[in-house]
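Please read them with the structure open beside you.

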Amino acid sequence: SEATKDLFQEPEDENRVMECYRLLLWLICHQTALAFCGSKLLDSDAKILCEVFDDCHHLETLDLSRNLIGDEGVSELARVIPKLKKLRQLVLRGNPLCKSRDAREKLRIVWQLFMKPQSG
């Protein structure tokens, strides 16, 4: 459309976009609960999210249910879980990793090592 064709044409637009991304990242990192359920996230998406989660020091609940996260995504989650000191609930049901005994066991071990509460 005519209204959108001139977006990001001015040199100062780059600074505005970067400021918007900084604000968005700050808002995400200060949440206590995040939900990405049913978002069709792949292992590659989980990896990117885990890079952001490294800075989510307030996160208590993370819902990644009903996505497409498999073994590679589990490895990334296992890496970031110890850094999320306040995380008490991680919801992963409905992902391919839930069918993999090794993936479930890897997450269970990391979860227990870092004294996270058991779920039902």
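1. In which helix is Leu27 found? In this predicted model, Leu27 belongs to helix H1, which covers residues 11-29. The relative accessibility of Leu27 is 38%, so this residue counts as partly exposed. Leu27 and Cys56 are 29 residues apart along the chain, and their C-alpha atoms are separated by 9.7 Å.

2. Cys56, in turn, is in no disulfide, and its nearest cysteine sulfur is that of Cys29. As for accessibility, Cys29 has a relative accessible area of 7% and is therefore buried, while Cys56 is buried with a value of 1%.

3. The sheet is open and is built from three strands in the order E1-E2-E3, with parallel pairing. Strand E1 (33-35) and strand E3 (89-91) stand at the edges, and because each has a single partner strand, one side of each is left without a neighbour in the sheet. From one strand to the next, the twist averages 0°. Strands E1 and E2 (residues 61-63) run parallel and are joined by three bridges; Leu34 has Leu62 of E2 as its bridge partner.

4. What does Val91 touch, once its neighbours within four places in sequence are left aside? This residue of strand E3 is in contact with Leu62, Asp63, Leu64 and Ser65. One of these contacts can also be described by its C-alpha distance: Val91 and Leu64 are 27 residues apart in sequence, yet 5.7 Å apart in space. With a relative accessibility of 10%, Val91 counts as buried, because buried means under 20%.

5. Helices H2 (residues 43-53) and H3 (residues 71-80) have axes that come within 8 Å of each other and cross at roughly 10°, which means that H2 is roughly parallel to H3. On the H2 side the contact is made by Asp43, Ala46, Lys47, Cys50, Glu51 and Phe53, and on the H3 side by Asp71, Glu72, Gly73, Glu76, Leu77, Arg79 and Val80. By class, the residues of this contact divide into seven charged, five nonpolar and one polar.

6. H3 also packs with H4, at an angle of about 5° and with the axes 10 Å apart, so H3 is roughly parallel to H4 as well. Here H3 contributes Asp71, Val74, Ser75, Leu77 and Ala78, and H4 contributes Ala103, Lys106, Leu107 and Val110. The contact of H3 with H4 has six nonpolar, two charged and one polar residues.

7. Which residues of H3 are buried? They are Gly73, Val74, Glu76, Leu77, Ala78 and Val80, and these buried residues pack against H2 and helix H4 (101-113). The list of buried residues thus includes a charged side chain, that of Glu76, and Glu76 is among the residues of H3 that make the contact with H2. Leu77, likewise one of the buried residues, takes part in the contact with H2 and in the contact with H4.

Notes: Residues are numbered from 1 along each chain as its sequence is written. This is a predicted model: local features need pLDDT of at least 70, side-chain atom pairs count only at pLDDT 80 or more; totals for chains, interfaces and linings use all residues. Side-chain values use heavy atoms; hydrogens and water are left out. Two strands pair if DSSP finds at least two bridges between them. Helices (H or I, at least four residues) and strands (E, at least two) are DSSP runs, numbered from the N terminus. Axes are lines fitted to C-alpha atoms, for helices over the stretch in contact, and angles run from 0 to 180 degrees between N-to-C directions. Buried means under 20% relative accessible area, exposed over 50%, partly exposed in between (1.4 Å probe, protein chains only). Contact means heavy atoms within 4.5 Å. A disulfide is a pair of cysteine sulfur atoms within 2.5 Å. Angles under 35 degrees count as roughly parallel, over 145 as roughly antiparallel, 65 to 115 as roughly perpendicular and the rest as oblique.
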